[in-house]
Amino acid sequence: MSLLIFVIRRLIYTVPLLVCAVTVIFILVHSAPGNPIDYIIGEAGADSELVARLRAEMGLDQPMLVQLWRYVLQVLSGNLGYSLVSSAPVLDLILERFPATLLLMASQYTLSAVIGVLLGVLAARRPNSALDTTLTLLSLTSFSLPIFWLGQMMILAFGYHLDWFPIQGMSNLREGYTGWRYALDVAYHMVLPVVTLTIFNLGLIMRLTRASMLQVVGQDFVKVAYAKGHSERTVLLHHALRNALLPVVTVVGLEIPGLIAGAVLAETVFAWPGLGRLTFDAISARDYPLLMGMFIFISFFVIVANLLVDIIYGLLDPRIRYQ
Amino acid sequence: MSEDVLSVRNLHTHFRTEDGVVKSVRGVDLDIGPGEVVGLVGESGSGKSVTAHSIMRLIPSSGSIVQGEILFEGEDLARASVRQMQKVRGNRIAMIFQEPMTSLNPVLRIGDQVSDVLRLHRGLSKAQALSEAKDLLGRVGIPDPKARLANFPHELSGGQRQRVMIATALACRPKLIIADEPTTALDVTIQAQILDLLIDLKRDFGCSVLLITHDLGVISETADRVAVMYAGQIAEVAEVATLFDEPLHPYTLGLMRSVPKLDEDLPEDRLLPVIGGGVPNLAELPAGCAFQTRCPHVRARCRAEEPPLREVRTAHKVRCWLYDA
Ligand SMILES: Nc1ncnc2c1ncn2[C@@H]1O[C@H](COP(=O)(O)OP(=O)(O)OP(=O)(O)O)[C@@H](O)[C@H]1O
Ligand code: SF4
Ligand SMILES: [Mg+2]
């Protein structure tokens, strides 16, 4: 039950965080030159009466703090405004694209976490062995490769030359699959972007796990576990790894914004119809309401992801949970 | 002699280091009879822990047992396979370590940490093992043992954690318990309680104990026999009373002469008294007796030949040329 209380407490903390994020975005936008009235009336100009009416309608005549308060309330009620390009509600545009991004991120992150942690344990098992050195080299390479370059190499190799996987989009629109055929088709389209992102994120997780395992394996309770007669496998995976994962989870949590940046790049390279593409398009079209909406949504996403990280941490470490 | 539970013969354990080969254990002989408590004393770095870890075959990969036998109930552990050792550890030989604060896994529940040996070695179900763990926690004097099963280590005091370690060690009713300075890290008042508990339970469970310590006071109160270790070798072995009444080896004599009074203000804990000079470098030992640089009775022969461990009186062995008949 204490875990539930822990989660609820962390949930309560997220509200002020979100308000802070919205405030920062509000201040950034309001300190930028120009104001929305200028966009609406354009170059030609208009009489001051019209401008005053517009200002009153949009609440721009109110003091800054009142405007901020209203904006925060508006965002918290789920209204992110309207796109300049398509006039659609920003939130609808975002939610329409979000599942594709979530699918890509969740798949690649699960894969990189599982493979990265296992390789990290393997490398830490015999430090400085041939296997460890090889894995170290591979992991260093993996996180120093630029993601767009890696993506394009994957496209070249497995898309064009070998022609094994589709190189663009999320599904074959011409076939118009439904049901499980559609799911399979999406999975098939996901292979290259997921592998690209996995390779990119794997290295860091592996390095962290290795370093953390080496530190944990030197501790007394690991010696005790061996002295109890447990096999190396049980000691490493059951007794040591749970402790070793704590710093890994922390750093991975801090890396979440970088994860989103990587996703934006990968979605662009693979023409994946997700938020990354939407952000990219919004920047190109100077669609400010959409961009602001994206910023707020990404802040929200990062806050929720951090909450998840905290919960995982709490699950792994009873000392945190019971504080 | 054959009924000894443990019989270590000419054990040598070396480590490869950047400064060369460190000969931490150099020909240790040690016998432990059924139900016997054997104390192993010696100053820091004399090789007590390495001896204990060798018996458990828990030497880090930079080290190895290069020679000798570790006969445990007739089986030579020095040559046992990894599989065989896994069946011995925590089951027929259990070990208790110095640091109760770090010996328990911080993320696992007390109940799981006491009961896992029962599931591993006795094949009990989780429920059976937990119920037995509860009984064990009761026997080591932990109040409300049922509630403690669900606790995590950080919720227990140092003394309670060491009780948990003792409960774990006893769980599979081992023939031998190796306790490597089990009370050094505890408050003085708690030290006595833990030692009494260990000795009481050892009697009830009928196991033998190898008790490693710095503390001559602990030895005099608990051990049946004592082995004094110096620079990787046993310098002297005798019954407790004999060793305290008539120590023979110059090193032991030095220790006895300066045993601190119990009411004195003691530096650190009740460590072995300091004898002039330092422990020799185990990577570059001189020829002859290892104690020659600190011995007041050193003679020419001591620098030329290494003295053997010889029985000079009944059940009293010494490694020193002074007693060469
Ligand atoms: N892993 C290792 N690598 C190299 N040398 C080691 C290693 N472990 C122990 N030694 C050396 O072996 C010698 C004996 O160490 P050991 O830990 O057995 O001493 P000890 O008698 O238990 O001392 P203490 O009372 O401080 O616990 C020391 O000189 C130590 O430096
Ligand atoms: S052998 Fe010689 S040096 Fe060694 S303890 Fe005996 S008298 Fe001293
Ligand atoms: Mg030691």
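Which residue in E9(B) is the bridge partner of B:Val41?

1. In E9(B), B:Val41 has B:Val228 as its bridge partner. The model is predicted: local features need pLDDT of at least 70, side-chain atom pairs count only at pLDDT 80 or more, and totals for chains, interfaces and linings use all residues. Residues are numbered from 1 along each chain as its sequence is written, and side-chain values use heavy atoms, with hydrogens and water left out.

2. Strand E3 of chain B covers residues 37–41 (strands are DSSP runs of at least two residues, helices H or I runs of at least four, numbered from the N terminus). E3(B) runs parallel to strand E9 (residues 225–230) of chain B, with 4 bridges, and parallel to strand E8 (residues 208–213) of chain B, with 5 bridges; strands pair if DSSP finds at least two bridges between them. B:Val38 is bridged to B:Leu210 in E8(B).

3. In E3(B), 5 of 5 residues are buried (under 20% relative accessible area; exposed is over 50%, partly exposed in between; 1.4 Å probe, protein chains only). B:Val38 and B:Leu40 point one way, and B:Val37, B:Gly39 and B:Val41 the other.

4. The whole structure has 0 disulfides over all chains, a disulfide being a pair of cysteine sulfur atoms within 2.5 Å. For B:Cys172, the nearest cysteine sulfur belongs to B:Cys207, 12 Å away. B:Cys172 is buried, at 1% relative accessibility, whereas A:Cys20 is partly exposed at 48%.

5. Chain A has an average pLDDT (the predictor's confidence in each residue, from 0 to 100) of 82, and 92% of its residues score at least 70. Within chain A, helix H2 (residues 36–41) has the lowest mean, 62, and helix H9 (residues 220–227) the highest, 94.

Key: Chains are lettered from A and ligands numbered from 1 in the order in which they are written.
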